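Before a structure can be discussed, its features must be read. The following dialogue takes them in turn.

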Amino acid sequence: MPQHPPLRINADLPVETFAERFARDGYVQIPVFLAPQDAEAVAALLDPLTWNIVAPDEASETLVITPEVIKKFGEAQVRQFLQGALKRAAKGFSFVHMSYALQDEYLRAPQTPVHRATEFLEGRAFLDFGGQVIGAPEVTGVRVQASYYRPGDFLTVHDDSHRKDHRLAAFTLGFTRRWRPDWGGQLLFHDADGNVTRGLAPGFNVLTLFKVPTPHSVAQVASYAEAKRLSLTGWLLGDKDPA
């Protein structure tokens, strides 16, 4: 049972036009996705969250570094671990950024105000809209987190393939204001030769959807970037194909 006022999708969006672009290009950006006052409400909820650092360990498993972990092991040891994640980035897949596990935290405390966004992203209005745009009416759920990229944070090239989840498309709902292009942080799409075929700047109240698998990365945020790169990111899921 929803515990928060529902978020509203902008009623004026030309869904058929966006579906045509997605079918043609494999991705689409949808500006002013939420009703403007609802987008402002979500942005206000994201800013004060208690964020965790996420980065892969030597086995490529995601390690979540909470403020409690930093207090227990000390900042020097955490920095040493993150240096390892940076070194692994030179040879393959790696990432360092801040995260808030919306769905896990919802199970612990659904009354928390930010879960207005969690309920929306798990709800039929968002799932059905996404299904219409990507041409997949069988969307059954999402995996979603809140993300915050600080100066120096990054995500190397990968294609979102997954052994367990049936990912139909990836999505990013941005809440980043006044971003300069030289601050990095762009969502980059790559071809087989390593060229960047498209770069999408962080934006506010913009929904981006793209096919899975698609090689992509997030450019490292510049050390001098002053705005916060905030977004809700995840995947539209379908049922597993029968074996």
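This is a predicted model: local features need pLDDT of at least 70, side-chain atom pairs count only at pLDDT 80 or more; totals for chains, interfaces and linings use all residues.

Q: How is a pair of aromatic rings described, and how many aromatic pairs does the structure hold?
A: A pair of aromatic rings is characterised by how far apart the centres lie and by the angle of the planes. The structure holds 11 aromatic pairs. One of them joins Phe175 and Phe204, with 5.8 Å from centre to centre and 85° between the planes, an edge-to-face arrangement. This pair links distant parts of the chain, for Phe175 belongs to strand β7 (residues 166–175) and Phe204 to strand β10 (residues 204–211), 29 residues apart.

Q: Why is the pair of Phe189 and Phe210 called edge-to-face?
A: The planes of Phe189 and Phe210 stand at 65°, with the ring centres 5.2 Å apart, so the pair is edge-to-face. Phe189 lies in strand β8 (residues 187–190) and Phe210 in strand β10, so parts 21 residues apart in sequence are tied together. Phe189 is buried, at 5% relative accessibility, and Phe210 is buried too, at 3%.

Q: Which residues form one aromatic cluster?
A: Phe33, Phe120, Phe126, Phe129 and Phe171 form one such cluster.

Q: Which residues point the same way in an α-helix, and which residues of helix α7 are buried?
A: An α-helix has 3.6 residues a turn, so residues three or four places apart point the same way. In helix α7 (residues 124–134), the buried residues are Phe126, Leu127, Phe129, Gly130, Gly131, Val133 and Ile134. Just after α7 comes Gly135, which takes a positive phi of about 70°.

Q: Which residues have the most contacts inside the largest nonpolar core?
A: The largest nonpolar core has 52 residues, and those with the most contacts inside it are Ile30, Phe33, Phe126, Phe175, Leu209, Leu232 and Leu236. Setting aside residues up to four places away in sequence, Leu209 touches Phe22, Gly26, Tyr27, Val28, Ile30, Val133, Ile134, Ala170, Phe171 and Leu236. There is also a second, separate core of nine residues, which includes Val54, Phe95, Val221 and Ala225.

Q: How is strand β5 joined to strand β4 and to strand β12?
A: Strand β4 (residues 95–100) runs antiparallel to β5, and three bridges join them. Within this pairing, Met98 has Tyr148 of β5 as its bridge partner. Strand β12 (residues 229–238) also pairs with β5 in the antiparallel sense, over 10 bridges; here Tyr149 has Arg229 of β12 as its bridge partner. Strand β5 (residues 139–149) is mostly covered, with eight of its 11 residues buried.

Q: Where does the charged end of Arg229 sit?
A: The charged end of Arg229 sits over the ring of Tyr149, 4.8 Å from its centre. In another case, the charged end of Arg167 sits over the ring of Trp235, at 3.6 Å from the ring centre.

Q: Why does Asn52 count as buried, and which residues is Asn52 in contact with?
A: Asn52 counts as buried because its relative accessibility is 14%. Asn52 lies in strand β2 (residues 52–56). Apart from neighbours within four places in sequence, Asn52 is in contact with Val64, Ile65, Thr66, Pro67, His97, Met98 and Ser99.

Note on methods: Residues are numbered from 1 along each chain as its sequence is written. Side-chain values use heavy atoms; hydrogens and water are left out. Helices (H or I, at least four residues) and strands (E, at least two) are DSSP runs, numbered from the N terminus. Buried means under 20% relative accessible area, exposed over 50%, partly exposed in between (1.4 Å probe, protein chains only). Contact means heavy atoms within 4.5 Å. Rings of Phe, Tyr and Trp (its six-membered ring) pair if their centres lie within 6.5 Å; planes under 30 degrees apart count as stacked, over 60 as edge-to-face and the rest as tilted. A charge sits over a ring if NZ of Lys or CZ of Arg is within 6 Å of the ring centre and within 35 degrees of the ring normal. Two strands pair if DSSP finds at least two bridges between them. A nonpolar core is a set of buried Ala, Val, Leu, Ile, Met, Phe, Trp, Tyr and Cys residues joined through side-chain atoms within 4.5 Å.
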